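Here is a quick walk through a structure, written for someone who likes cut-offs spelled out. Have the viewer open and follow along.

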Amino acid sequence: MRNVLLLILLILGVLTAACSGEDRSGEQPFAPTVQTLSAEVMGDSCLLRGAVTASPNSSLRGVGFAYGNDTLRLTAVSDSCAALFQATTQPLQAGRYFAVAFAENGVGKTIGTDTIYFEIPAEE
């Protein structure tokens, strides 16, 4: 019985450590790491997807996308190191556009290195 209890406690400890991520409590906070994941054209708009992969020791303040000459900023995100987010652009004119994700925390704002290109087709 004692061995079973120890095994259960060991499994719970491993699961807790795996879910909590790496302990960075002794480190200085730094700006978030963000990725641009995809752009899905829907008529004259585009659904953009991104992910914050890290924001150690600093809560997220906002995420969003820069696309074309416009910026769409989202602020409703969870305080998570793996926050997925998405946004739909306003209707766009026909043409080729770029999109890049950004994230901001208490340390600074980071623009993702992955730029995605998409094209809004001309109406027929």
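## Ground rules and confidence

Strands here are DSSP runs of E with at least two residues, and helices are runs of H or I with at least four residues, both numbered from the N terminus. This is a predicted model, so to speak of local features a pLDDT of at least 70 is needed, side-chain atom pairs count only at pLDDT 80 or more, and totals for chains, interfaces and linings use all residues. Residues are numbered from 1 along each chain as its sequence is written, and side-chain values use heavy atoms, with hydrogens and water left out.

How confident is the predictor on average? The mean pLDDT (the predictor's confidence in each residue, from 0 to 100) is 76, and 68% of the residues score at least 70. Where pLDDT is low, the predicted coordinates should not be read in detail.

Two strands pair if DSSP finds at least two bridges between them.

β1 and β2 are antiparallel over 9 bridges, with E40 opposite L47 in β2. Their hairpin has 2 residues between the strands, and G43 takes a positive phi near 70 degrees there. On to β2 and β5, which pair in the antiparallel sense over 5 bridges; A51 stands opposite L84 in β5. β2 is mostly covered, with 8 of its 10 residues buried. Buried means under 20% relative accessible area, exposed means over 50%, and partly exposed is in between (1.4 Å probe, protein chains only).

## Pairings around β6

β6 has several partners to look at. With β3 it pairs in the antiparallel sense over 7 bridges, and G62 stands opposite E104 in β6. The antiparallel pairing of β6 and β8 runs over 5 bridges, with I120 in β8 as the bridge partner of G95.

β6 and β7 run antiparallel and are joined by 3 bridges. These two strands form a hairpin with 3 residues between them, and A103 stands opposite T110 in β7.

## The nonpolar core

Which residues have the most contacts inside the largest nonpolar core? They are L48, V52, F65, F85, L92 and F118, out of 18 residues in that core. The strands β2 (45–54), β3 (60–67), β5 (84–88), β6 (95–105) and β8 (116–120) each supply at least two residues of this core. By definition, a nonpolar core is a set of buried Ala, Val, Leu, Ile, Met, Phe, Trp, Tyr and Cys residues joined through side-chain atoms within 4.5 Å.

T36 is in strand β1 and counts as buried because its relative accessibility is 6%. A polar atom of the T36 side chain lies 2.7 Å from the backbone nitrogen of A101, and one lies 2.8 Å from the backbone oxygen of D114. (A polar contact is a pair of N or O atoms within 3.5 Å; within protein, one must be able to donate a hydrogen and the other to accept it, and residues adjacent in sequence count only if both atoms are side-chain atoms.) Not counting residues up to four places away in sequence, T36 touches R49, G50, A99, V100, A101, D114 and I116.

T110 belongs to β7 (residues 109–111), and its side chain reaches the backbone oxygen of P32 at 2.7 Å. Leaving aside neighbours within four places in sequence, T110 is in contact with A31, P32, V34, A101, F102 and A103. T88 lies in β5 and is partly exposed, because its relative accessibility is 37%. The C-alpha atoms of T88 and C46 are 5.6 Å apart, although the two residues are 42 residues apart along the chain. Finally, N57 lies in the loop between β2 and β3. N57 has a positive phi near 60 degrees, in a residue other than glycine, and counts as partly exposed because its relative accessibility is 41%.

Terms used
Contact = heavy atoms within 4.5 Å.
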